[in-house]
Amino acid sequence: MRLNHLAKIGIGWSFITVAGIAGFVYSKRTVDKNRYENMKIRERMRKSNEGDYTAENARRYQS
């Protein structure tokens, strides 16, 4: 079965479109995963800073 010129162009565009959408979804998932990991790290840092502290030898910059 021979395809004419416009059919070949249509098939090419469909492959390019599917590949572009798949690449976008993959990159979006990667960014969301990294954002979630960073959010968990920030939450862990916030929880570690809770509590009462006593200031010993307060450091001050003198000009």
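A residue counts as exposed when its relative accessible area is over 50%, as buried when that value is under 20%, and as partly exposed in between. By this rule Lys47, at 54% relative accessibility, is exposed. These values come from a predicted model, in which 0% of the 63 residues of the protein chain count as buried.

The secondary structure of the chain comes to 1 helix and 0 strands. The UniProt record, an unreviewed entry, lists residues 6–26 as "transmembrane region", and over these residues the chain is 100% helix, with the end C-alpha atoms 30 Å apart. The accessible surface of the protein chain is about 7000 Å², of which 57% belongs to carbon and sulfur atoms.

| Salt bridge | N to O distance |
|---|---|
| Lys28 and Asp32 | 3.2 Å |
| Arg35 and Asp32 | 3.6 Å |
| Lys47 and Glu43 | 3.5 Å |

Lys28, Asp32 and Arg35 are linked in a network of salt bridges. Within helix α1, Lys28 and Asp32 lie 4 residues apart, about one turn of the helix, while Arg35 and Asp32 are 3 residues apart, which also places about one helical turn between them. Asp32 is partly exposed at 33% relative accessibility, as is Lys28 at 43%, whereas Arg35 is exposed at 54%. In the remaining pair, Lys47 and Glu43 are 4 residues apart in helix α1 and so are separated by about one helical turn, with Glu43 partly exposed at 30% relative accessibility.

Conventions: Residues numbered from 1 in each chain as written. Predicted model: local features only at pLDDT ≥ 70, side-chain atom pairs only at ≥ 80, totals over all residues. Heavy atoms only, no water. UniProt positions renumbered as here; feature names shortened; annotations may be inferred. Helix = DSSP H or I, 4+ residues; strand = E, 2+ residues; numbered from the N terminus. Buried < 20%, exposed > 50% of the residue type's maximum accessible area, 1.4 Å probe, protein only. Areas by Shrake-Rupley, 256 points an atom, 1.4 Å probe, with all protein chains shown as cover. Salt bridge = Lys/Arg side-chain N within 4 Å of Asp/Glu carboxyl O.
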